[in-house]
Amino acid sequence: MKFVIGFVTALAAVLVLGLAIALSGAFNVAATNPDSALTTWVLHTTMRRSVAMRSSDIVPPKSFSDEDVRRGFEEFNAMCVTCHGAPGKKRSLAGKGLRPQAPNLVNAARHWNAGNLYWIVKNGIKMTGMPAFGPTHDDATLWNIVAFVSRLPDMTEKQYQQLEEQTAGSRSHSSGDSHSDGHAH
């Protein structure tokens with residue numbers, strides 16, 4: 001019984017301390033202020049476990065075609081490269097100012113499976129700048145993005161540049177306007 005009372009008292013003290021910190025404004029939320037190692041660990045671990053649990057039942061397509069990857073590249077190049085960068089492409093100034101910084105997806109794709117990536121692209125991640133594309137994109141488009149991101153670990157700068165050139169060429173041949181896809185550049 002003493003253990004239970006001690007545990008409840010300690011838990012209440014932690015909650016009161018957390019509430020006091022939140023209400024006092026002592027926690028610096030500025031993106032220019034690096035998080036402590038403990039804060040980084042807590043947030044990163046919470047995010048990884050949350051994604052793993054919520055994506056565990058997602059069954060990805062058995063394989064992705066080159067066309068799926070190409071279509072995913074178009075979406076990635078229009079919406080993701082700004083924050084994440086790509087082979088031979090640095091993050092934009094806005095992307096460099098994010099905290100936590102958007103992961104380099106070449107490395108991230110090595111640590112997440114296709115179901116995890118799909119869940120992240122569809123639902124986004126709170127308080128990171130990662131938007132949810134599920135409300136604005138259909139499932140096929142989301143899987144195409146996953147197809148492309150899954151290929152990033154093995155992609156060279158030259159291959160990325162070739163995809164850019166192929167995409168620009170196919171848009172200009174099909175419409176005569178290289179900005180006709182509706183994406184802001």
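## About the model

Residues are numbered from 1 along each chain as its sequence is written, and side-chain values use heavy atoms, with hydrogens and water left out. Because the model is predicted, local features need pLDDT of at least 70 and side-chain atom pairs count only at pLDDT 80 or more, while totals for chains, interfaces and linings use all residues.

## The nonpolar core

Let's start inside. A nonpolar core here is a set of buried Ala, Val, Leu, Ile, Met, Phe, Trp, Tyr and Cys residues joined through side-chain atoms within 4.5 Å. Buried means under 20% relative accessible area, exposed means over 50%, and partly exposed lies in between (1.4 Å probe, protein chains only). The largest such core has 32 residues, and the members that touch the most others are Phe-76, Ile-120, Phe-148, Val-149, Leu-152 and Tyr-160. At least two core residues come from each of α3 (66-79), α6 (105-111), α7 (114-123), α8 (139-151) and α9 (157-175). Helices (H or I, at least four residues) and strands (E, at least two) are DSSP runs, numbered from the N terminus. The largest share, seven residues, is supplied by α8. In soluble globular proteins, nonpolar side chains tend to be buried together.

Leu-152 shows what such a position looks like. Beyond its neighbours within four places in sequence, Leu-152 is in contact (heavy atoms within 4.5 Å) with Phe-76, Pro-87, Leu-105 and Val-106.

## Helix α8

In α8, the buried residues are Thr-141, Leu-142, Trp-143, Asn-144, Ile-145, Val-146, Ala-147, Phe-148 and Val-149. The length of the helix also checks out. The expected span of a helix is 1.5 Å times one less than its number of residues, so the 13 residues of α8 should span 18 Å, and the 19 Å between its end C-alpha atoms agrees with this.

## Rings and a charge

The whole structure holds eight aromatic pairs. Rings of Phe, Tyr and Trp (its six-membered ring) pair if their centres lie within 6.5 Å; planes under 30 degrees apart count as stacked, over 60 as edge-to-face and the rest as tilted. Phe-73 and Phe-148 make an edge-to-face pair, 5.5 Å centre to centre with 65° between the planes. This pair joins helix α3 to helix α8 across 75 residues, and both Phe-73 and Phe-148 are buried.

Phe-76 and Tyr-160 have ring centres 6.5 Å apart and planes at 75°, so they too are edge-to-face. Phe-76 is in helix α3 and Tyr-160 in helix α9, so this pair ties together parts 84 residues apart in sequence. Phe-76 has a relative accessible area of 0%, and Tyr-160 is likewise buried at 0%. Ring pairs link Phe-73, Phe-76, Phe-148 and Tyr-160 into a cluster.

Elsewhere, Arg-48 lies over the face of Trp-112, 4.0 Å from the ring centre. A charge counts as over a ring if NZ of Lys or CZ of Arg is within 6 Å of the ring centre and within 35 degrees of the ring normal.

## Cysteines

No disulfides (cysteine sulfur atoms within 2.5 Å) turn up in the whole structure. The cysteine sulfur closest to that of Cys-80 is in Cys-83, 8.4 Å away, too far for a bond. Cys-80 is buried at 9% relative accessible area, whereas Cys-83 is partly exposed at 23%.

## Backbone details

Most residues other than glycine have a negative phi, and most peptide bonds are trans. The bond from Arg-99 to Pro-100 is cis, with omega near 0°, and Pro-100 lies in the loop between α5 (93-96) and α6. Met-127 has a positive phi, near 60°. Met-127 sits in the loop between α7 and α8 and is exposed, with 80% relative accessibility.
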